[in-house]
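Biologist: Hi, can you walk me through this one? I'm new to reading structures.
Modeller: Happy to, here it comes.
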Amino acid sequence: MRERLEALNRFVAEADAAAVKARDEAKASLKGVSQNRNAAKTYQNVSSNRQR
């Protein structure tokens, strides 16, 4: 019984580590998307101001 609990604990710990890694990767990706969006808006603002 103890071995099964230890195996289950290892599984849960590994699943938790994988979830944390996936969350951090998604967070970094969304940050990059946000930066790209801000850069595009800035470029659009600069471009439209030049035409006036």
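Biologist: Is methionine 1 buried or exposed?
Modeller: Methionine 1 is exposed, because its relative accessible area is 76%. Buried means under 20%, exposed over 50%, and partly exposed in between, using a 1.4 Å probe and protein chains only. By the way, this is a predicted model, where local features need pLDDT of at least 70, side-chain atom pairs count only at pLDDT 80 or more, and totals for chains, interfaces and linings use all residues. Residues are numbered from 1 along each chain as its sequence is written, and side-chain values use heavy atoms, leaving out hydrogens and water.
Biologist: Where does methionine 1 sit?
Modeller: Methionine 1 is in the segment before helix H1 (2-51). Helices here are DSSP runs of H or I with at least four residues, and strands are runs of E with at least two, numbered from the N terminus.
Biologist: How many helices and strands does the chain have?
Modeller: The chain has 1 helix and 0 strands. Its C-alpha atoms fill a box of roughly 75 × 5 × 5 Å along the principal axes.
Biologist: What about alanine 18, where is that?
Modeller: Alanine 18 is in helix H1. It is partly exposed, because its relative accessible area is 45%.
Biologist: And how far is alanine 18 from alanine 7?
Modeller: Their C-alpha atoms are separated by 16 Å, with the two residues 11 apart along the chain.
Biologist: New topic: what share of the chain is buried?
Modeller: Buried residues make up 0% of the 52 residues.
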